[in-house]
Amino acid sequence: QLQDDNLQSKFLTKLKDHLVDWFTFTSTEDERYLYYNDRWGTTYYSDNEFNTASEISDHSFTHGYLIFASAIVGRKDPVFYQQYREMILLLMKDYMNHDPNDLRFPVMRSLDRYAGHSWAHGFGSFAEGNNLESTGEAINSWVAAYHIAQLENNRGMMDAAIYGYTHEMYAAQQYWFDYDQDIWTQKYREYAGVAGMIWGGKYDYATWFGANPTFIYGIQWIPTGEYLSSYILGQTKKTRFTSIYNKYLNAKRGAVDRWYGYMWPVQALVNPTTALGLFDANKILTDEYPAELSMAYYMMQAFQSYQYKADNAYMRIHASVSSSVYLNTDNKLIALVYNSSDNSESVTFVVDEDSEKSFTVAAKSFSTITLN
């Protein structure tokens with residue numbers, strides 16, 4: 001968007017260096033590589049962080065980051081994608097195998113279709129069953145798979161990613177945030193606005209790594225991405241989300257204390273003007289999680305411009321074009337449209353369920369369309 005080809009080249013080169021390091025094995029001295037275990041039917045990485053190998057845990061979380069990065073690079077460098085395509089799909093299918101004929105992996109390993117969401121632990125061997133802490137990373141893994149499906153032009157794969165995303169997002173809203181306020185006990189609801197962890201037999205105001213409310217709420221909202229806008233799909237959800245974020249702020253005496261690069265963009269969902277007024281690049285860069293500086297600023301500015309996601313307009317599913325529709329302060333329905341293909345494409349929007357509008361979007365373009 002900046003039309004800075006030199007900067008883009010630097011970013012892509014750095015991403016490719018990291019990905020190639022993971023996707024290749026050079027020798028026993030190699031610290032980063034992937035391993036396929038044919039007995040367990042699973043792919044994991046070399047260092048067993050988060051017990052990814054010993055207990056098959058956190059696969060959608062960790063794999064999702066590499067898959068997302070692979071999709072972004074693949075859009076810009078098709079040669080890279082084709083060269084490492086088999087490794088990329090091997091990693092993605094570990095958590096989202098949409099093809100029952102691919103016997104290397106179970107179908108949709110991470111997603112419990114009865115519960116409507118993923119589980120984090122591979123064995124589920126705790127007294128309270130399995131658990132899920134970071135709904136944000138689980139959701140991110142479906143977004144990543146969706147991008148790969150676009151590159152593959154594979155509708156079955158895309159449908160699986162959409163299915164997983166939709167269930168994971170709605171489960172997060174209901175079970176982790178009690179959007180309809182009919183899940184938690186009254187006492188819990190008065191105390192907290194989030195369940196930090198959902199188990200097979202309980203829910204906790206806690207995390208695996210600390211009791212700070214910033215962790216308990218924040219682990220549901222990382223990584224920063226456009227998917228967060230689904231928490232404010234329509235005014236009713238925005239009102240509910242606002243009360244949740246305010247409950248977090250009350251727990252922190254009114255101010256974010258860390259994870260600024262994640263928590264300020266979430267605050268922008270509630271009030272982007274307030275969030276931008278708080279923005280401090282130095283706090284993000286010197287944070288214990290010094291990440292997401294540019295993405296945080298980008299997201300906050302985007303919500304300032306487009307406000308919240310509309311619930312009365314959407315684009316019909318398309319193999320290579322994706323879109324989100326926002327309702328801004330001028331009551332205009334603004335569609336953000338990305339065409340990833342090499343051809344111009346025709347897309348159809350539905351507004352208020354009674355009107356359809358078709359548009360042609362240029363190849364390899366990101367554009368905005370006003371629908372009303």
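Me: How many of the residues of α9 are buried?
Reply: Helix α9 is mostly covered, where buried means under 20% relative accessible area, exposed over 50% and partly exposed in between (1.4 Å probe, protein chains only). This is a predicted model, in which local features need pLDDT of at least 70, side-chain atom pairs count only at pLDDT 80 or more, and totals for chains, interfaces and linings use all residues. Residues are numbered from 1 along each chain as its sequence is written, and side-chain values use heavy atoms, with hydrogens and water left out. The buried count for α9 is 11 of its 11 residues.

Me: Against which elements do the buried residues of α9 pack?
Reply: Helices (H or I, at least four residues) and strands (E, at least two) are DSSP runs, numbered from the N terminus. The buried residues of α9 include Y262, M263, W264 and V266. Taking contact as heavy atoms within 4.5 Å, the partners of these buried residues are α7, α8, α10 (272–278), α11 (281–285) and α12 (293–306).

Me: At what angle do α9 and α12 pack?
Reply: Axes are lines fitted to C-alpha atoms, for helices over the stretch in contact, and angles run from 0 to 180 degrees between N-to-C directions. Angles under 35 degrees count as roughly parallel, over 145 as roughly antiparallel, 65 to 115 as roughly perpendicular and the rest as oblique. The axes of α9 and α12 are 9 Å apart, and their angle is about 5°. That value makes α9, relative to α12, roughly parallel.

Me: By class, what residues make up the contact of α9 with α12?
Reply: From α9 the contact draws on G261, W264, P265, A268 and L269, which meet A296, M299, M300 and F303 in α12. Ala, Val, Leu, Ile, Met, Phe, Trp, Tyr, Cys and Pro count as nonpolar, Asp, Glu, Lys and Arg as charged, and the others, Gly among them, as polar. The contact of α9 with α12 therefore divides, under that scheme, into 8 nonpolar, 1 polar and no charged residues.

Me: What length does α8 reach from its first C-alpha to its last?
Reply: Helix α8 covers residues 235–251, which is 17 residues. The expected span of a helix is 1.5 Å times one less than its number of residues. For α8 the expected value is 24 Å, and the model comes close to it at 24 Å.

Me: Which elements do the buried residues of α8 pack against?
Reply: The buried set of α8 includes K237, K238 and R240 as well as F241, I244 and L249. The partners of this set are α5 (155–176), α7 (213–218), α9 (260–270) and β8 (308–309).

Me: In which crossing does α1 pass α3?
Reply: Helix α1 (residues 5–23) and helix α3 (residues 78–95) pack at about 55°, with axes 11 Å apart. This angle makes α1 oblique to α3. A crossing is left-handed if the near helix is turned anticlockwise from the far one by less than a right angle, and right-handed if clockwise. For α1 passing α3, the crossing is left-handed.

Me: How do the residues of the contact of α1 with α3 divide?
Reply: On the α1 side the contact is made by K16, L19, V20 and F23, and on the α3 side by F80, Y84, M87, I88 and L91. By class, the contact of α1 with α3 holds 8 nonpolar, no polar and 1 charged.

Me: Which residues does Y163 touch, not counting those up to four places away in sequence?
Reply: Y163 is placed in helix α5 and, at 35% relative accessibility, counts as partly exposed. Its C-alpha lies 9.9 Å from that of R113, 50 residues apart along the chain. Beyond four places in sequence, Y163 touches M108, L111 and R113.

Me: With which residues is S367 in contact, leaving aside neighbours within four places in sequence?
Reply: S367 lies in strand β14 (residues 365–370) and is partly exposed, with a relative accessibility of 23%. The C-alpha atoms of S367 and Y338 are 6.5 Å apart, at a sequence separation of 29 residues. The contacts of S367 are A335, L336, V337 and V361.

Me: Is N153 buried or exposed?
Reply: N153 has a positive phi near 50° and is placed in the loop between α4 (135–152) and α5. With a relative accessible area of 57%, N153 is exposed.
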